[in-house]
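Here is a short tour of a protein model, written for someone new to reading structures. Have a look at the picture first, then follow along.

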Amino acid sequence: MTSSPQEAREQLVVDQVVASFEGAPDPRLRQIMQALVRHAHAFAREVRLSEDEWRAAVEFLRRCGDITTGSRQEFILLSDVLGLSMQAICISRPAQGDATEATVLGPFFVADAPAVELGGDIAQGAAGEPCWVTGTVRDTGGAPLPGARLEVWQADDDGFYDVQYGDDRTAGRAVLRADDAGAYRFWAVTPTPYPIPHDGPVGDLLAATGRSPYRAAHLHFMVSAPGCHTLVTHVFVEGDPLLASDAVFGVKESLVRNFIRHGPGTPAPDGRPLDGPWREVAFDIVLARDEAS
Ligand code: BEZ
Ligand code: FE
């Protein structure tokens, strides 16, 4: 193939940089860096990146760094809105039998949430419509997983996680253990849509590109059992108009469930006295077995 002198000059830069990684002792690092260079240069050449645009991109990354703290990770948020977090999950967790699909972890997971008994209320004061959540945990072979550990967390009706209030509250999160039959049940609040943190550079990027920061309503789960892959997933609300435009591309059709609405006065399954409407949802979870087990 013939190339113009300009194309040849551009290709020379790519070749020089790729070659500079040839001696990397770790072959995987060498592969990643060389592919990164090839793709990044191809991108710059495709869009004919100007120096001003390159400077603006560097400034954007500087702002991402400036706003990042132990609890605010703007680079992960950037990866989320670019769909890269979901792509990494997609690549590293290929479908395994009928295993429940994984989705993004998000920034609001907290290890060591309070233990709640089966049938208890994880809301712990979080505002929202009560929601009765039930299901089973089993493996891809169909065996129930007694004692499976379920970590669940969610935003309240105002769209905030407890950790976003800046006080010491713990609400809308818990650790539960499945019973001897691998079944679980708990009260939560009905999930509602909320925006990802959008007061920083990632929010500016979404605004500049006409994209919404809203996530489809969801309840987070991290489920683990010995001999199985730990699953990070959500259950989404059927009929939510935001299912098709989730800001972080986290929605999987297989994770959408009917949150059945019950009017005021309908008795709750466990006899809990309730004044207003409430909902219930069933979400059965299937964990993939570790290869070795
Ligand atoms: C969340 O669902 O909590 C979340 C996920 C990705 C980015 C921001 C928030
Ligand atoms: Fe969330």
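Let's start with Asp 139, which counts as buried because its relative accessibility is 6%; buried means under 20% relative accessible area, exposed means over 50%, and partly exposed is in between (1.4 Å probe, protein chains only). Asp 139 sits in strand β1, residues 130-139. Leaving out residues up to four places away in sequence, Asp 139 touches Leu 145, Cys 228, Val 286, Leu 287 and Arg 289, where contact means heavy atoms within 4.5 Å.

A word on ground rules: this is a predicted model, in which local features need pLDDT of at least 70 and side-chain atom pairs count only at pLDDT 80 or more, while totals for chains, interfaces and linings use all residues. Residues are numbered from 1 along each chain as its sequence is written, chains are lettered from A and ligands numbered from 1 in the order in which they are written, and side-chain values use heavy atoms, with hydrogens and water left out.

**The whole protein**

Zooming out, the protein has 6 helices and 12 strands. Helices (H or I, at least four residues) and strands (E, at least two) are DSSP runs, numbered from the N terminus. The C-alpha trace spans about 80 × 45 × 35 Å along its principal axes. Of the 293 residues, 39% count as buried. Among contacts between residues at least 6 apart in sequence, 71% join residues at least 24 apart.

Which residues of α6 are buried? They are Pro 201, Val 202, Gly 203 and Leu 206, and what covers them includes α3 (51-67) and α4. Axes are lines fitted to C-alpha atoms, for helices over the stretch in contact, and angles run from 0 to 180 degrees between N-to-C directions.

| Pair | Angle | Axis distance |
|---|---|---|
| α4 (74-81) and α6 (201-208) | about 25° | 9 Å |
| α3 and α6 | roughly 135° | within 9 Å |

Angles under 35 degrees count as roughly parallel, over 145 as roughly antiparallel, 65 to 115 as roughly perpendicular and the rest as oblique. So α4 and α6 are roughly parallel to each other. Glu 74, Leu 77, Leu 78 and Val 81 of α4 meet Pro 201, Val 202, Gly 203, Leu 205 and Leu 206 of α6. These residues split into 7 nonpolar, 1 polar and 1 charged. For that sorting, Ala, Val, Leu, Ile, Met, Phe, Trp, Tyr, Cys and Pro count as nonpolar, Asp, Glu, Lys and Arg as charged, and the others, Gly among them, as polar.

The other pair, α3 and α6, is therefore oblique. Here Phe 60, Arg 63, Cys 64 and Ile 67 of α3 contact Pro 201, Val 202, Asp 204 and Leu 205 of α6, giving 6 nonpolar, no polar and 2 charged residues. Just after α6, Gly 210 takes a positive phi of about 70°.

**The iron site**

What coordinates the iron ion (ligand 2)? Tyr 161 (OH), Tyr 194 (OH), His 218 (NE2) and His 220 (NE2) do, at 1.9 to 2.1 Å. Donors are N, O and S atoms within 2.8 Å of the metal (3.2 Å for Na, K and Ca), and water is not among the atoms, so sites may look incomplete. In sequence, the donor residues are spaced Y-x32-Y-x23-H-x1-H. Tyr 161 lies in the loop between β2 (149-153) and β3 (173-177) and Tyr 194 in strand β5 (residues 194-195), so the pair ties together parts 33 residues apart in sequence. Tyr 161 is buried at 0% relative accessibility, and Tyr 194 is buried too, at 3%.
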